[in-house]
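Try each task before you read its solution.

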Amino acid sequence: MLPPLKPIPIKERLSIVFVEKGEIDVVDGAFVVVDQQGFRVRAVLTHIPVGGVACIMLEPGTRVSHRAAALAARVGTLLVWVGEAGVRLYSSGQPGGARADRLLYQAKLALDENLRLKVVRKMYALRFGEEPPARRSVEQLRGIEGARVRRTYQLLAQKFGVQWKGRDYNPEDWDVSDLPNRCLSSATAALYGVTEAAVLAAGYAPAVGFIHTGKPLSFVYDVADVYKFDTVVPVAFKIAASNPPNPERAVRLACRDIFRQSRLLERIIPDIEDILAAAELPRPPEPEGIVGPAIPNPDNLGDAGHRS
């Protein structure tokens with residue numbers, strides 16, 4: 001009898017793996033990619049250490065078996081279905097489950113305008129390394145942030161010698177975008193995938209945002225923006241300046257490296273806790289007399305949002 005699976009904490013995992021044109025399945029208890037038209041009995045299979053990866057990006061031509069999806073959920077690895085070269089996000093499968101106490105805490109902060117403003121101000125301070133202007137609303141801070149972001153794009157384009165016409169892309173036809181925008185789309189997709197995996201692992205809801213609202217990944221965008229200009233955006237401009245034959249692949253590899261060098265996965269979950277703590281609202285304690293589960297989950301090494 002094999003011991004129960006114990007998810008590896010997000011901070012100790014690899015960031016992302018891209019898979020295209022293959023069938024993902026489980027063979028002998030291992031997560032594998034079968035890449036020869038569905039033949040499962042072969043001398044060589046591509047093994048993926050699924051429990052040690054935060055996010056697997058599935059490109060067109062990829063199929064996932066039921067057993068593989070179930071295994072990914074048990075070990076807390078996010079499966080994300082993306083477009084070719086990772087330049088668009090279609091869907092994702094939640095690894096583990098969110099925690100009710102953290103969801104209620106997050107929702108309370110988002111619904112109270114005063115508490116929400118404190119959280120937004122903390123995000124602004126982390127992102128730009130300075131305190132935001134006093135007596136500004138969330139909408140005013142969003143406008144200030146947008147202006148600074150546009151200026152940062154221009155400065156990075158000048159630094160790397162890239163012709164920049166602004167952030168412009170058509171989600172229905174990515175190929176019509178210019179090279180810098182395609183590189184940026186591929187880079188931010190990788191960052192969003194890793195960030196969503198961390199948000200879910202921490203037990204929070206990706207849709208309940210503070211700066212971004214009304215989107216399935218609003219909170220993911222909020223958190224990812226804290227790191228975007230320190231990680232993937234300079235990488236995207238650098239790749240665009242070199243104009244490699246396969247820029248999207250070059251961006252993905254560079255993002256993987258910068259995630260490792262910046263120790264991004266070690267930072268996201270503690271930063272989320274610090275951001276929400278800026279509201280100065282303690283989490284509500286469990287009510288007295290609460291009835292626990294009939295069969296309690298065993299302790300594991302995973303993060304708060306992982307299923308045991």
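## Exercise 1: A serine and its neighbours

Leaving aside residues up to four places away in sequence, S15 touches V53, A54, C55, V194, R256, F259 and L265, where contact means heavy atoms within 4.5 Å. This is a predicted model, in which local features need pLDDT of at least 70, side-chain atom pairs count only at pLDDT 80 or more, and totals for chains, interfaces and linings use all residues. Residues are numbered from 1 along each chain as its sequence is written, and side-chain values use heavy atoms, with hydrogens and water left out.

**Solution.** 
1. Helices (H or I, at least four residues) and strands (E, at least two) are DSSP runs, numbered from the N terminus.
2. Buried means under 20% relative accessible area, exposed over 50%, and partly exposed in between (1.4 Å probe, protein chains only).

## Exercise 2: The whole chain

**Task.** How many helices and strands does the chain have, and what share of its residues counts as buried?

**Solution.** 
1. Count the elements: there are nine helices and eight strands.
2. Look at burial: 48% of the 308 residues count as buried.
3. Turn to contacts: among those with a separation of 6 or more, 63% come from residues 24 or more positions apart.

## Exercise 3: Strand β2 and its partners

**Task.** Work out which strands pair with β2 and in which direction each pair runs.

**Solution.** 
1. Start with β6 (residues 62-64): three bridges join it to β2 (residues 22-27), and the two run parallel. Two strands pair if DSSP finds at least two bridges between them.
2. Consider burial: β2 is largely enclosed by the rest of the structure because five of its six residues are buried.

## Exercise 4: Helix α6

**Task.** Describe how α6 meets α9, and then look at D222.

**Solution.** 
1. Take the geometry: the axes of α6 (residues 218-228) and α9 (residues 264-277) come within 11 Å and cross at roughly 115°. Axes are lines fitted to C-alpha atoms, for helices over the stretch in contact, and angles run from 0 to 180 degrees between N-to-C directions.
2. List the contact: α6 supplies F219, V223, V226 and Y227, while α9 supplies L264, R267, I268, D271, I272, I275 and L276.
3. Check burial: 11 of the 11 residues of α6 are buried, and they pack against α2 (100-111), α3 (113-128), α4 (138-160), α5 (179-201), α7 (232-242) and α9.
4. Zoom in: D222 lies in α6 and, at 2% relative accessibility, counts as buried.
5. Find its neighbours: beyond residues up to four places away in sequence, D222 touches M123, G209, F210, I211 and H212. D222 and H212 are 10 residues apart in sequence and 6.3 Å apart in space, C-alpha to C-alpha.

## Exercise 5: Two cysteines

**Task.** How many disulfides does a search of the whole structure find?

**Solution.** 
1. Search: the result is zero disulfides, a disulfide being a pair of cysteine sulfur atoms within 2.5 Å.
2. Take C183: the nearest cysteine sulfur is that of C255, 9.6 Å away.
3. Compare accessibility: C183 is buried at a relative accessible area of 1%, and C255 is buried at 0%.

## Exercise 6: Positive phi in loops

**Task.** Where are K21 and R135, and are they buried or exposed?

**Solution.** 
1. Recall the background: most residues other than glycine have a negative phi.
2. Take K21: its phi is near 50°, and K21 lies in the loop between β1 (14-19) and β2. At 58% relative accessibility, K21 counts as exposed.
3. Take R135: its phi is positive, about 55°, and R135 sits in the loop between α3 and α4. With 79% relative accessibility, R135 is exposed.
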